Amino acid sequence: MDTASDADVLAGFRTGRPESIAVVRGWVQSAVRGGNWRFHDPEGVTQEVLLTLTRQARADRVRQAERFRSYAYSVARRTCVTVYHQERKSRSVEAPEAEEDDAAATSDPHAEVERRERLDMTLLVFQRLPAHCKDLWTSVFIDGLQADAVGRELGISANNVRVRVHRCLEKARKLYREVAGHV
Amino acid sequence: MSEDDRYALLVPWYVNGTLAPDETAEIEEHLSACSSCRDLVGLARRQAELRELDPDAMEHPHASLLVQYVDSPERLDAETTEWIEGRLAACASCRDAIDRLRETRPGEESPRWYEKLWQGLAATALRPVPAAAYLLLLFVGAGFLLTRGPLEGDGTLMTAPLRISLSGDRDVRAGQAPQQRIAMRIPGSAGTVLLELETELSVVDLQAGDLAFVLELRRDGELEWSEPRDAEGFVVRDRRVALPVLIHPRRLDANTVYQIALRIHKPGDPLDGQALFKRSIQIDAGSTGSAP
């Protein structure tokens with residue numbers, strides 16, 4: 001199996017072939033165990049990565065089958081960072097009690113997982129926007145200000161604000177396409 | 001400006017609910033016939049979902065960005081890179097995550113235990129010593145092992161030591177009375193053990209250069225051994241400052257609890273005597289050690 005191509009491994013992984021799953025698990029474990037992350041539950045992190053990869057593979061979102069190993073490794077490293085932040089926060093003396101996993105409590109856990117993935121992608125797009133777009137997003141979508149109010153803050157006309165926000169929205173649209181292509 | 005453009009400009013304000021009622025009615029009528037504007041509304045609604053996020057999450061660079069920053073920085077534009085670096089300067093856990101990502105780049109195997117040991121030794125005060133000098137120390141150190149105390153800090157090795165990281169006692173850090181919990185049981189049959197005492201010091205504290213320390217070994221409160229240490233002996237391990245200490249379990253009594261402490265040594269200063277690290281260890285008579 002070691003000599004199988006990434007595309008073969010992906011095809012087998014998508015259909016649940018045990019030897020393909022074992023190969024992918026090996027890739028994931030090398031990322032989870034290799035970075036001295038000191039996770040409370042490294043096997044749990046491995047499982048989380050495998051679930052993400054399963055969802056992506058079955059939804060046909062792995063764009064470059066011949067680079068599946070790199071993709072798996074990238075997903076594993078991203079998950080390691082996210083879990084690392086969560087565990088550090090929960091270990092903090094002043095951290096509030098850990099919240100229950102909402103996916104377990106909702107009536108539709110699949111929808112909840114999709115909602116979280118969508119939110120995660122939106123956060124990534126937001127962080128890649130230029131600084132002036134991030135500021136506008138905060139005023140418009142988080143603080144919910146009118147165009148006139150934003151204009152007063154920035155010292156420009158309401159119409160100018162609308163044009164700037166529209167341009168930022170088009171930038172966000174372009175980033176979504178780019179991010180989706182690399183997810 | 002076309003009608004579609006005019007309505008497109010109003011979409012974000014429709015989504016954030018700040019349009020006047022007549023404008024809202026007008027745009028809703030337009031949306032029923034314009035798929036392009038409906039797409040734009042969907043996109044704007046996704047931006048509005050940012051309200052659901054924890055503000056703290058908005059401040060941490062997204063995991064994908066950190067991975068890109070390490071693995072393929074050329075794919076990030078200059079402004080995003082600058083933003084990430086600004087956040088890294090303010091976020092210790094983000095910096096730690098970067099350090100861990102760098103430890104294993106894509107396609108690399110994680111370092112083997114002997115490679116990690118070498119990296120650990122190279123980070124001690126013996127960093128400048130070349131390999132040949134290490135061999136000389138091994139030969140000369142055999143004599144020291146027979147004459148020096150049970151704790152060593154100079155990296156004298158006969159065989160690869162058992163490496164153990166030991167974090168400080170939280171109760172001590174909080175200023176409460178130390179507990180007698182045994183932090184680590186060390187096999188009495190181990191030749192040498194490299195203990196890394198993880199302190200609460202920061203790199204900045206060490207760089208200030210005005211602190212001196214004393215390492216102590218006590219049994220039942222009685223001082224068995226002590227030795228001064230300076231800032232040179234410390235290592236930075238995962239952004240924590242640790243003091244590597246070699247111990248020789250065979251020179252200590254089996255089934256006996258010892259207290260290892262690292263204190264500030266600054267006579268006349270209010271900090272003098274303050275413990276930066278204080279834990280109990282027990283030397284087991286058996287051949288395998290474990291954390292309790």
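**Exercise 1.** Show why α2(A) and α3(A) are oblique to each other.

*Solution.* Two packed helices are described by the angle between their axes and the distance between the axes. In this predicted model, take helix α2 (residues 18-34) of chain A and helix α3 (residues 42-58) of chain A: their axes come within 10 Å and cross at roughly 130°. Axes are lines fitted to C-alpha atoms, for helices over the stretch in contact, with angles from 0 to 180 degrees between N-to-C directions. Angles under 35 degrees count as roughly parallel, over 145 as roughly antiparallel, 65 to 115 as roughly perpendicular and the rest as oblique. The pair α2(A) and α3(A) is therefore oblique.

**Exercise 2.** Which residues of α2(A) and α3(A) meet, and of what class are they?

*Solution.* From α2(A) come A:V24, A:R25, A:V28, A:Q29, A:V32 and A:R33; from α3(A) come A:P42, A:E43, A:V45, A:T46, A:Q47, A:V49, A:L50 and A:L53. By class, this contact (heavy atoms within 4.5 Å) has 8 nonpolar, 3 polar and 3 charged residues.

**Exercise 3.** Describe chain A as a whole: how many helices and strands has it, and what share is buried?

*Solution.* Chain A has 9 helices and 0 strands, where helices are DSSP runs (H or I) of at least four residues and strands (E) of at least two. Of its 183 residues, 41% are buried, meaning under 20% relative accessible area with a 1.4 Å probe.

**Conventions.** Residues are numbered from 1 along each chain as its sequence is written, and chains are lettered from A in the order in which they are written. Local features need pLDDT of at least 70, and side-chain atom pairs count only at pLDDT 80 or more, while side-chain values use heavy atoms.

Definitions and conventions: Ala, Val, Leu, Ile, Met, Phe, Trp, Tyr, Cys and Pro count as nonpolar, Asp, Glu, Lys and Arg as charged, and the others, Gly among them, as polar. Buried means under 20% relative accessible area, exposed over 50%, partly exposed in between (1.4 Å probe, protein chains only).
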